[in-house]
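Reader: Could we go through the aromatic contacts and the nonpolar packing here? Please give the cut-offs as we go.

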Amino acid sequence: MKNISSMLHSEDAEVESIFKKTYVYKLFLKGDHLKISSREGAVTLSGKVLHEAHKMMAQDTANALPGVRSVDNRIEVTGEEAPVNSDRWIAIKVKLALLYHRSVSGFSTEVFVKDGNVTLKGVAGSTAQKDLTTEYALDIVGVESINNELSISKNEIPKEDDRTSNQIIDDASITSQVKGTLRVHRSTSILRPDVETEEGEVTLTGFAKNLAEKDLVTKLIGDIHGVRSVNNTMTISKGNNAL
């Protein structure tokens, strides 16, 4: 019995340790005051974060850790609540989306919102990157229009934060980013596919209403930090015509 108890304690301690080593924790959640405890794979999250989005990120990441059976999310959101579709709420969603995607420069892009109209400022490494930034931002829930004021500098290509450069991102963080990406994009916000990640390969199961929606999911996820490949096995819902 002592040996079994010791093994379980060791596994729980490992869950707690791995969570704090994840890309999501170190990049997005490090400044928050989070606590994680695990008992035989039942994880409890507590502490305080500034945004609801961080609370969801913590839960998605913990859920995806090996050995975790359940997550009880008791995290308190202490920042001023941003009403759904308010300018502040939209700005948070746009910024998160740009940080999730590797083909745009989320760290060097400033986001300003007025009555749902988004202005982007900063530097892009190319016209293609600037255009893709517009495409991603325009597809965020609540966005009415995009005024893209990013300047293009071939001599000063924006560098992502060191924490995203030349590193292998853990599978739990990839899963968390995938779920977060699908939530913030208007075209995929109602989708809740099952997401599994193994060595950077993301496998999706669930339903899409048509082929165009399924293809868009593959495109969005394929551009997330750490994703090596996407195996999209989502089924086209019956009663909808595939495009």
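Author: Ring pairs join Y23, F28 and Y100 into a cluster. Rings of Phe, Tyr and Trp (its six-membered ring) pair if their centres lie within 6.5 Å; planes under 30 degrees apart count as stacked, over 60 as edge-to-face and the rest as tilted. This is a predicted model, in which local features need pLDDT of at least 70 and side-chain atom pairs count only at pLDDT 80 or more, while totals for chains, interfaces and linings use all residues. Residues are numbered from 1 along each chain as its sequence is written, and side-chain values use heavy atoms, with hydrogens and water left out.

Reader: How many aromatic pairs does that rule give?

Author: The count is three aromatic pairs. The ring centres of F19 and Y25 are 5.6 Å apart with planes at 55 degrees, so this pair is tilted.

Reader: Are F19 and Y25 buried or exposed?

Author: Both F19 and Y25 are buried (under 20% relative accessible area, with exposed over 50% and partly exposed in between; 1.4 Å probe, protein chains only). For Y23 and F28, the centres are 6.4 Å apart and the planes at 85 degrees, so that pair is edge-to-face.

Reader: Turning to the packing, which residues have the most contacts inside the largest nonpolar core?

Author: They are F19, F28, L45, V178 and I221, in a core of 39 residues. Such a core is a set of buried Ala, Val, Leu, Ile, Met, Phe, Trp, Tyr and Cys residues joined through side-chain atoms within 4.5 Å. Apart from it lies another core of 21 residues, including L98 and V184.
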